[in-house]
Amino acid sequence: MKRFVFISIAFFFAAISFLCILLFRIDLTGKSVEKNPATEKKEIILGFSQIGSESAWRTRNTQSVFEAAKNNGIQIIFDDAQQKQSNQIKAIRSFIVYQVDVIAFVPIVEDGWDNVLKEAKDAQIPVIVVDRKINSSPSLYAGYIGEDALEEGKKAGRFLLSKKMNEEKEVYNVMELYGTRNSSVAKGRSEGFRSVLEGSKFKIIYSEDGDFLRSLGKEIAENLIQENNGLFYKGQEIDVIYSHNDAMTLGLLDAFKEYKIDSKDKVIISIDAEQKSIDALKAGKINCVVECNPDLGESLMVLVKDVAQGKRIARSTFMEETVFTENDDFSSYKIRGY
């Protein structure tokens, strides 16, 4: 009986000790400190859907997110949508099933996101829209981070107005290489450019959708050159090319080289500021490049950590961007890195 009582007492104290281990931790001084689960650090899991890898800019944009996630101890579940909205919607739904802490995605187009965003909201997973904007209720996503496409278009227009041209010419014909239809960035860059040129000598006579692709930029230029024996549209010579991104601009320059058209006879304005377009600017093949900053990773991670903790973030966070022109001191340029 005494042995039985002794074993029972020993078992009782062992159980108490185990409970104490669960409820307390012992610091180096030997003092018991109550454990607070709310203050313990938990690795954040971010579901990130990118639209693809159609350009050096896009590749760098993805790299920036991965680098920043690693620096901030954030785990990424990544999906490449390969330029298809349906793939992105599937990816977002898979993030919801996986129960990630935050979802971030680069929307290919503006519309068609309401249903999947409602599903994320019902699952209490905050969503951050990256690089391109959407037409959805602000209640369905936490905020946006990326470029101010409207301002980028205005910067391009301001440069054109400042460009010294032949004052005797009454009208300058402009060709627009338009980005992906129904994307916020293409709409913004087009609207901003037009708003600045309104009432000026510059008239947009031709606008074609190149889907932000180098191959289509070349194809559009080739078709015009072949049909008109030069860069003309309906008998009117094109004086200015405004391109929504560097990839399409470089495609245009590929066509110029093939058909022996001197780009220095045209005014060419591009957006993104990839290294190849900056090199073309320095070589006199492009007149102006408006930067679209792809390195938003660190700023995105700040927002990810905030929303993961239940904090509110700004509705829009715009990246700092500059303008490179033919009038710059090229010796001050730094390597772009993409």
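Here is a friendly conversation about a predicted model.

Trainee: Which ground rules go with this model?
Mentor: Residues are numbered from 1 along each chain as its sequence is written, and side-chain values use heavy atoms, with hydrogens and water left out. Since the model is predicted, local features need pLDDT of at least 70 and side-chain atom pairs count only at pLDDT 80 or more, while totals for chains, interfaces and linings use all residues.

Trainee: In what order do the six strands of the open sheet stand?
Mentor: Helices (H or I, at least four residues) and strands (E, at least two) are DSSP runs numbered from the N terminus. Two strands pair if DSSP finds at least two bridges between them. The pairing in this open sheet is mixed, and the order is E9-E8-E12-E13-E14-E16.

Trainee: Which strands stand at the edges of that sheet?
Mentor: An edge strand here has a single partner strand, so one side of it is left without a neighbour in the sheet. The two in that position are strand E9 (202-209) and strand E16 (323-325).

Trainee: By how many degrees are neighbouring strands of this sheet turned against each other on average?
Mentor: Axes are lines fitted to C-alpha atoms, for helices over the stretch in contact, and angles run from 0 to 180 degrees between N-to-C directions. For this sheet average, direction is ignored, and the value is 15°.

Trainee: How many bridges hold E8 and E12 together, and which residue stands opposite Glu 176?
Mentor: Strand E8 (residues 172-178) and strand E12 (residues 240-243) pair in the parallel sense over four bridges. Met 175 stands opposite Ile 241 in E12. Opposite Glu 176, the residue in E12 is Tyr 242.

Trainee: Which residue of E13 stands opposite Val 240?
Mentor: E12 and E13 run parallel and are joined by three bridges. Opposite Val 240, the residue in E13 is Val 267.

Trainee: Are the residues on the two faces of E12 buried or exposed?
Mentor: Buried means under 20% relative accessible area, exposed over 50% and partly exposed in between (1.4 Å probe, protein chains only). One side of E12 has Val 240 and Tyr 242, and the other has Ile 241 and Ser 243. Both faces are covered, and these four residues are all buried.

Trainee: What volume does the largest cavity have?
Mentor: On a 1 Å grid over the protein atoms alone, a cavity is a set of points where a 1.4 Å probe fits but cannot get out, a pocket is an open set with protein on both sides within 12 Å along at least five of seven lines, and lining residues have an atom within 4 Å of a point. Grid points are joined across faces, edges and corners, and a volume is the space filled by probe spheres set on the points. A search of the whole structure finds one cavity of 30 Å³ or more. The largest cavity has a volume of about 90 Å³.

Trainee: Which residues that line the largest cavity are the closest to its centre?
Mentor: Helix H2 (56-71) and H6 each supply at least two residues of this lining. Of the 13 lining residues, the closest to the centre are Arg 58, Arg 132, Arg 189, Phe 212 and Asp 272.

Trainee: What is the phi of Asp 272?
Mentor: Asp 272 lies in strand E13. At 4% relative accessibility, Asp 272 counts as buried. Although Asp 272 is not a glycine, its phi is positive, at about 140°.

Trainee: Is Lys 234 buried or exposed?
Mentor: Lys 234 sits in the loop between strand E10 (232-233) and strand E11 (236-237). Its phi is near 50°, a positive value in a residue other than glycine. With a relative accessible area of 67%, Lys 234 is exposed.
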